[in-house]
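These are my notebook entries on a single structure. I record below what I looked up, entry by entry.

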Amino acid sequence: MASFFDDLETRSNDARTADQLAALQAQVAQVAAAQGSCLPDPGGITDLSDLTKLPVVRKSDLATWQKERPPFGGIPVSNVAHVFQSPGPIYEPGGVSHDWWRMGRFLHAVGIGEDDTVQNCFGYHLTPAGMIFESGARAVGARVIPAGTGQTELQVQAASDIGTTAYAGTPDYLKVILDQAEASGVALKITKAAVGGGALFPSLRQEYADRGILCLQCYATADLGNIAYESHAMEGMIVDESVIVEIVTPGTGDPVAPGEVGEVVVTTLNPDYPLIRFATGDLSAVMPGQSPCGRTNIRIKGWMGRADQTTKIKGMFVRPEQVAALVARHPEIDRARVIAGRTGEQDTMTVQIEATDGAAEAFAESVAAVLKLKGKVEVVTPGTLPRDGLVIEDQRTYD
């Protein structure tokens, strides 16, 4: 029989929507009161779909805001126990209240609990990953070895002496530990692995399974904490109960059609650090139906690439935001795709446009004005372009 972290995981869709709407309204009011004019009147948020009225926030925005209003850019932050640093630099707060980053839900799904000792091989220095997973381990009552990375021989010795039963860290470092233990003739007791921060390739997951280890992955960031996670069903990643996930066209805040690939935008319902419509820069898609494990929240397909498709063509950068601006300039355009190619030793640019009306010549002026480059324009029938999240496709080879 399936075991759940709490009753939130099996809520009805109506109950979840009502709870998230109430929390969202409180978050918007909190941020609007602190920042003054950057958000519309909170009374305008009467449905989760009203999120599209609010601006998308990007890492570049955080970096700018934090320089202007250090350390957290004017976002109303409370209950801060730690301050972490990410490249940029960008500073993230961390709290020590129960399961502050919501990682306990994922560790519970892996099967980690009070009888386990977790060897936490995420970093503890400046970056928050180590604390994120330690907080989750505390939430499920497990003991923690704050191992960090490196010193593999000592890692093996500690795992053997203390009796480590679970691993937390990047997907590939567990193999380093296991191989070192095998070479040293040391038998370890690890049977569970909670991984993140990198790709878990099917072949590596199978290798762990062959060694008697269940390995599941989560999708988390330093800014947001846990976003989604795998369960034993291993069919997509279940969205965490305390975030709202949108999938939007890259470079915009406009939701894609259900099932289409787009950029992951997340709103956390953490009043200590309310990030609203934070763009992760990652591509994914919503899966239909619900997980066979019994958890009822929506699922995403996991990481499917980067949404920041900025590409240099003819010496000029073309960005997804520019493609979005091109589409917005003409109501008859449904979507557009920029294709970078090469003929001989020169770059080429083709802009494919899905439009219900209009000719290539009519759009060429806008292409030059918005993209700052001239190129070939092709008008295609609506529905022709792939729904794969790409708005800029680089077909050049560099061999």
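**Entry 1**

I looked up Met-234 and found the residue partly exposed, with a relative accessible area of 37%; buried means under 20% relative accessible area, exposed over 50%, and partly exposed in between, with a 1.4 Å probe and protein chains only. The model is predicted, so I note that local features need pLDDT of at least 70 and side-chain atom pairs count only at pLDDT 80 or more, while totals for chains, interfaces and linings use all residues. Residues are numbered from 1 along each chain as its sequence is written, and side-chain values use heavy atoms, with hydrogens and water left out.

Met-234 lies in the loop between β8 (225-229) and β9 (237-239). Helices (H or I, at least four residues) and strands (E, at least two) are DSSP runs, numbered from the N terminus. The phi of Met-234 is near 50 degrees, a positive value in a residue other than glycine.

I then turned to Gln-151, which also is not a glycine and has a positive phi of about 50 degrees. Gln-151 sits in the loop between β4 (143-146) and α5, and is exposed, with a relative accessible area of 59%.

I also recorded a cis peptide bond between Pro-70 and Pro-71, with omega of about 0 degrees. Pro-71 belongs to the loop between α2 (59-68) and β1 (82-86).

**Entry 2: a helix pair**

I examined helix α5 (residues 152-162) against helix α6 (residues 173-183): they pack at an angle of about 75 degrees, with axes 9 Å apart. Axes are lines fitted to C-alpha atoms, for helices over the stretch in contact, and angles run from 0 to 180 degrees between N-to-C directions. That angle makes α5 roughly perpendicular to α6, a class that covers 65 to 115 degrees (under 35 is roughly parallel, over 145 roughly antiparallel, the rest oblique). On the α5 side the contact is made by Thr-152, Glu-153, Gln-155 and Val-156, and on the α6 side by Tyr-173, Val-176, Ile-177, Gln-180 and Ala-181; contact means heavy atoms within 4.5 Å.

**Entry 3: the three-stranded sheet**

I traced an open sheet of three strands in the order β10-β11-β12, with antiparallel pairing; two strands pair if DSSP finds at least two bridges between them. β10 and β12 stand at the edges, each with a single partner strand, so one side of each is left without a neighbour in the sheet. Neighbouring strands are turned by 30 degrees against each other on average, direction ignored.

Six bridges join β10 (residues 243-248) to β11 (residues 262-268), and Val-245 stands opposite Val-266, as Val-248 does opposite Glu-263. β11 pairs with β12 (residues 278-284) over four bridges, where Phe-278 is the bridge partner of Val-266. Seven of the seven residues of β11 are buried.

I followed the chain to Ala-285, in the loop between β12 and β13 (286-287). Ala-285 is buried, with a relative accessible area of 0%. Beyond its neighbours within four places in sequence, Ala-285 has contacts that include Ile-247, Gly-259, Arg-299 and Met-304.

**Entry 4: the four-stranded sheet**

I traced a second open sheet, of four strands in the order β19-β18-β17-β20, with mixed pairing. β19 and β20 (392-394) are the edge strands, each with a single partner strand, so one side of each is left without a neighbour in the sheet.

Strands β18 (residues 346-355) and β19 (residues 376-380) run parallel and are joined by five bridges. Thr-350 has Lys-376 as its bridge partner, and Gln-352 stands opposite Glu-378.

**Entry 5: nonpolar cores**

I looked up the largest nonpolar core, which has 46 residues; Leu-62, Phe-106 and Val-245 are among those with the most contacts inside it. Such a core is a set of buried Ala, Val, Leu, Ile, Met, Phe, Trp, Tyr and Cys residues joined through side-chain atoms within 4.5 Å. A second, separate core of 22 residues includes Val-318, Met-349, Val-351 and Leu-371.
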